[in-house]
Amino acid sequence: MTASRPRSILVLGGARSGKSRFAEGLARDTSLDRFYLATGHAWDDEMRARIATHRTDRADDGWTTHEEPLDLVGALKMLDQPDRVILVDCLTLWLTNLMMEEGRHVDADGAALAAALADFQATVIFVSNEVGLGIVPENKIARAFRDHAGRLHQAIAAQAAEVYFVAAGLPLKMKG
Amino acid sequence: MTASRPRSILVLGGARSGKSRFAEGLARDTSLDRFYLATGHAWDDEMRARIATHRTDRADDGWTTHEEPLDLVGALKMLDQPDRVILVDCLTLWLTNLMMEEGRHVDADGAALAAALADFQATVIFVSNEVGLGIVPENKIARAFRDHAGRLHQAIAAQAAEVYFVAAGLPLKMKG
Amino acid sequence: MTASRPRSILVLGGARSGKSRFAEGLARDTSLDRFYLATGHAWDDEMRARIATHRTDRADDGWTTHEEPLDLVGALKMLDQPDRVILVDCLTLWLTNLMMEEGRHVDADGAALAAALADFQATVIFVSNEVGLGIVPENKIARAFRDHAGRLHQAIAAQAAEVYFVAAGLPLKMKG
């Protein structure tokens, strides 16, 4: 993997699949300056603990961390430089934050992100949870969430140079 | 892909994975006359909206649409011609309809469908939701549903010439 | 596949994906003496029926069956011989049993199992359910369960010689 041209990468996987760790390895392999863009809000202690664990996992490993729960395109533009790799962790938390905002057109936000990818000079790696492979949820918001996630993944994957599906810590290349 | 011999294809994927769109592309690539066999009942407004969206997605694209919620083998036999491709969308809705019928032996219906595949002259493409990769549902009917779905997928996949798993709009060939 | 050196294999898949049947085929292909190590407790009639079905599926097929719900490392050590293949079915039931025990450090048990793999003389095949690809469960114990399962799968997969993901009865090789 070389730093010769910007590109975007999508890393999909289930809960505790090792997708973030795999994405961090991809970022490291680029030899670019590493930026970590966290989308997670700490809504409760459990979430706070998860975020802290993720931070610890990459501690003292050369990452500059930024946080942006909503304006992901804006944050990426602000950080965008050709000598950088930006790891966005994760798209599903971003979707959750968008859905909490009243009157937000979540699919339009997703489409805007996908459309912006071609213009970035940085290499951008997106981590996201695949959530659509279980039983249809009884909860209507959960159904809407997995519809949004599925559509966002399709939009990002269509633009991405590489797409990986991670299970049990092992990547399966779906594109690229 | 040529129209030289009939065969059956199974396209599995999660919610909003792009599986139907991928299956429609496979059908188009055959250059056969395209028939769309919808199994979905509109139980409520949300379902009605989904069905309408699917219809719009293939509007004015040369499809002849039929609907059959229960007697899938009968509908396939009625449409069966060597110059046709029949897209069945989807098996999981068909299973749902069967489970709503009292006294139905759902697995036997699935086995009968799998057994009938070898005799069709048309190319038949089945779309279905993979639903067995989440936590065991607390709801007993949901557990029964994913058992039926898993058994049906195995039975169809064993007979099919090609099997695909679709995620984020990208196909992964599992067989063929 | 030869019996020339011991190794471990992880077979992941969803509910009714055909993962156990595939794992049994792998075991048969080794030509080693086949041991079946069942981890399942029959908590209720439904579970009892599933276990009985699994037993019937391998009936009169040359398997010696043992049962161990908790001390999996101990049971493997007891059965460990170079001319044997041991099929552990399944890791997710084992995790369930561990989580029912008070004061158990489940992730430590998982790490101990992964660490022990290198020392076995038998070929060991683990079957496990992938459970992390649906919506985040509302139930806290379910969330903890899929976290434990994900971490265990990563730990076992890192040590295993081969890892398969099974859907619709079809294996996808992820490692090996």
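Colleague: Which residue is the bridge partner of B:Leu37 in β3(B)?

Modeller: Strands are DSSP runs of E, at least two residues, numbered from the N terminus. Two strands pair if DSSP finds at least two bridges between them. In this predicted model, B:Leu37 has B:His66 as its bridge partner in β3(B). Strand β2 (residues 33–38) of chain B runs parallel to β3(B), and four bridges join them.

Colleague: What is the strand order in the open sheet of chain B?

Modeller: The seven strands run β3-β2-β4-β5-β1-β6-β7, with mixed pairing. β3 (64–67) and β7 (170–175) of chain B are the edge strands, each pairing on one side only.

Colleague: How many salt bridges cross the interface of chain B and chain A?

Modeller: A salt bridge needs a side-chain nitrogen of Lys or Arg within 4 Å of a carboxyl oxygen of Asp or Glu. The rule finds two across this interface. A:Arg143 forms a salt bridge with B:Glu46, their closest N and O atoms lying 2.7 Å apart.

Colleague: What ground rules apply?

Modeller: Residues are numbered from 1 along each chain as its sequence is written, with chains lettered from A and ligands numbered from 1 in the order in which they are written. Local features need pLDDT of at least 70, side-chain atom pairs count only at pLDDT 80 or more, and totals for chains, interfaces and linings use all residues, while side-chain values use heavy atoms, leaving out hydrogens and water.
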